[in-house]
Amino acid sequence: MSAAREPIAVIGTGYVGLVTAAGFAELGSEVWCVDIDAEKIERLERGEVPIYEPGLEELLERNRERLHFSTGLADALDHARLLFVAVGTPPTYSGDADLSAVHAVVDAIPASDRHALVMKSTVPCGTGASLQRVLRERGREGLQYVSCPEFLKEGSAVKDFLHPDRVVVGDDGGWAGDAVVELYAPLQAPLVRTDVASAEMVKLASNAFLATKISFINEIANVCEETGADVVEVARGMGLDDRIGSKFLQAGIGFGGSCFPKDVDALKQLAGNSGYHFQLLNSVIQVNDLQKRRVIGKLQRHLGPLAGRRVALLGLAFKPNTDDMREASSLVLAARLQADGAQISAYDPVAEEQARTLMGGIEFAEEPLAALRDADAAVLVTEWQQFLELDWDEVAKTMRGTLIVDGRNALDADAVRAAGLAYEGIGRR
Ligand code: UDX
C-alpha cells in the first residue's frame, strides 16, 4: 500500500467505527480513533477488542502501528481532514432516531476550512441538510459534509468492508466527496456518487427493503403452515428468479439486531413526520413482532400449558457470529415463556455475558447438552454452526421431552426425527 494514503479520524468506536478504522488502516491510512468512553479507549490501546466480530482482532493487530486511540479530538484534528462519524443513533420512544451523539460531535468540532464530517452513522434523510444549516448559522460553513452510509453486517463486517457491494458517497460538491471516493478506490466497488439526501435514503431504504423481504417470507411461512406447503421449498423456487434473488428469504422467528428494527421504525417515522403514512412498513413491523411470539403457540400445541415446563433456548444473540443481543428474538421469547410460568435454560457460545445483563431468572449453561438436560422442549433461536452439528441421539437421551422447534429452519429435520425427536420448523411440512 502507498504510504501517501489520506490519514483519517474515526469518531465512535462501536461496530461501524472500529471496522471502518481497521479497514482503512488495512488499506494504508493512518487512523485516529476517538471515543468518549475512556475505558474502551484504554482497552483498545492495550490491544483488546471490546466487541466480538470475526477477523476484527487480527485486522486491528496487523495494523496496530497505523491506529491511534484517544478520548480527545485534538490529535485527530491535527492529523486528519476527513472525520468519519460512527456514533450510535439509537431509537427514541417515539421511533425517531436519537441524534444527540451526532450533535455532540458536531458541537465539538471547531470552525475549520480544512476538515470534513463524513457521516457513517445511520441518520434520517434530511439530517445532513439540517446539520449543514446549523453549521452555517454558527459561521462554520467551512466544514464540509459528506454522507457515506455503511452497509456492513455484524458477523461478517470485516469481509463486508473489504468487499462491499457498493460504496455510496453523497455530497454537494467540494474536495471532501472526492477524497472519500479516493479512499475507497482500492476496493474497486461500484460507486454511487449522489447528493446527501439520496445517500441517506439509500441506507434506510435498503434496510427497510431487506426487512420487508424477511417479513414477507415469514408470512408466506405462516400461510404454508395452513396449506401444507413447505416454505424452504417455496423460497428456493422463488429465489431462483433473479428478479427476486435467493438472499433474505429465510423464514424464522423474526429479524432483530441494531439496524433493521431501528431503521424500519425510523423510516416509518420520518415518512409520518413529513405527512406520509408508510402503510407497508407498519405491516413489516407488526409481522415481525408477531413472528417472535409464534414459537409459543407451537410449544403450547405440543406441551399444553407451559407452566412448570422446562424449555431450552439454543442461541440468544440476534443472529450467529455476534454477541449482539439488541432486539434479539430470544428476549421476547424468554419473557413470554416466563410470563406463562415456564422454566428456561439457555446456551449461547458468545452472547451469554450480554444476555445476563438483559435476562433475569434464566439458567445459563456452559454447553448445549447442559442446557438441554431434562428439557421438555428445545427451541433453536440462533443458528450457530455448533447447533447444526449436534448429535441428536445424544440430545434425545439428555432431554425429558422430545420437541425440537427449529426457529431458523436451519436444522436437518430428518436427522432430528431419526433420533426419535419431534421436529417443528417455521412454515415447514
Ligand atoms: C443489517 C444489514 O444487512 C446491513 O446491510 C446493515 O448495515 C445493518 O443491518 P445486521 O443487522 O448485521 O445487518 O444483520 P443481518 O444479517 O442483515 O440480519 C438481520 C436480522 O434478520 C437477523 O436477526 C437475522 O436472523 C434476520 N434474517 C436475515 C432473517 O430472519 N431471515 C433472513 O433471510 C435474513
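Me: R408, buried or exposed?
Reply: R408 counts as buried, at 11% relative accessibility. Buried means under 20% relative accessible area, exposed means over 50%, and partly exposed is in between, with a 1.4 Å probe and protein chains only.

Me: Where do these values come from?
Reply: This is a predicted model, in which local features need pLDDT of at least 70 and side-chain atom pairs count only at pLDDT 80 or more, while totals for chains, interfaces and linings use all residues. Residues are numbered from 1 along each chain as its sequence is written, and side-chain values use heavy atoms, with hydrogens and water left out.

Me: What does the side chain of R408 meet in a salt bridge?
Reply: The side chain of E383, at 3.9 Å from N to O. A salt bridge here is a side-chain nitrogen of Lys or Arg within 4 Å of a carboxyl oxygen of Asp or Glu.

Me: Which parts does that pair tie together?
Reply: R408 lies in the loop between strand 13 (403-406) and helix 19 (413-418), and E383 in the loop between strand 12 (377-380) and helix 17 (385-388), so the pair ties together parts that are 25 residues apart in sequence. Helices (H or I, at least four residues) and strands (E, at least two) are DSSP runs, numbered from the N terminus.

Me: And E383, what's its relative accessible area?
Reply: E383 has 22%, which makes it partly exposed.

Me: How far apart are K298 and E424 in their salt bridge?
Reply: Their closest N and O atoms are 3.4 Å apart. K298 lies in helix 13 (residues 294-303) and E424 in strand 14 (residues 422-424), so this pair ties together parts that are 126 residues apart in sequence. K298 is buried at 2% relative accessibility, and E424 is buried at 15%.

Me: How many salt bridges are there in the whole structure?
Reply: A search finds 28.

Me: Give me another one. What does K120 form a salt bridge with?
Reply: With E150, and the closest N and O atoms are 3.1 Å apart. K120 sits in the loop between strand 5 (116-119) and helix 6 (127-137), and E150 in the loop between strand 6 (144-147) and helix 7 (157-162), so the pair links parts 30 residues apart in sequence. Both K120 and E150 are buried.

Me: Switching to helix 8. Which residues are buried there?
Reply: In helix 8 (residues 175-184), the buried ones are A176, G177, A179, V180, L183 and Y184. They cover an arc of only 160° around the axis, which puts them on the same side of helix 8. The arc is that of the directions from the helix axis to the C-beta atoms.

Me: What is the phi of N321?
Reply: It is positive, about 65°, and N321 is not a glycine either. N321 is in the loop between strand 9 (310-314) and helix 14 (329-339), and it is partly exposed at 36% relative accessibility.

Me: Now the surface. Which residues gather in a patch of negative charge?
Reply: D37, E39, E42 and E45. Patches are made of residues with over 30% relative accessible area and no salt bridge, with like charges joined within 9 Å and nonpolar side chains (Val, Leu, Ile, Met, Phe, Trp, Tyr) within 5 Å. Lys and Arg count as positive and Asp and Glu as negative, while His and the chain ends are not counted. The place of a charge is NZ of Lys, CZ of Arg, CG of Asp or CD of Glu. Accessible areas come from the Shrake-Rupley method with a 1.4 Å probe, and for residues only the protein chains shown count as cover.

Me: Where does E42 lie?
Reply: In helix 2 (residues 38-45). E42 is partly exposed, with a relative accessible area of 44%.

Me: Last one. Where is N63?
Reply: In the loop between helix 3 (56-62) and strand 3 (67-70). N63 is buried at 2% relative accessibility. The C-alpha atoms of N63 and A25 are separated by 6.0 Å, with the two residues 38 apart along the chain.
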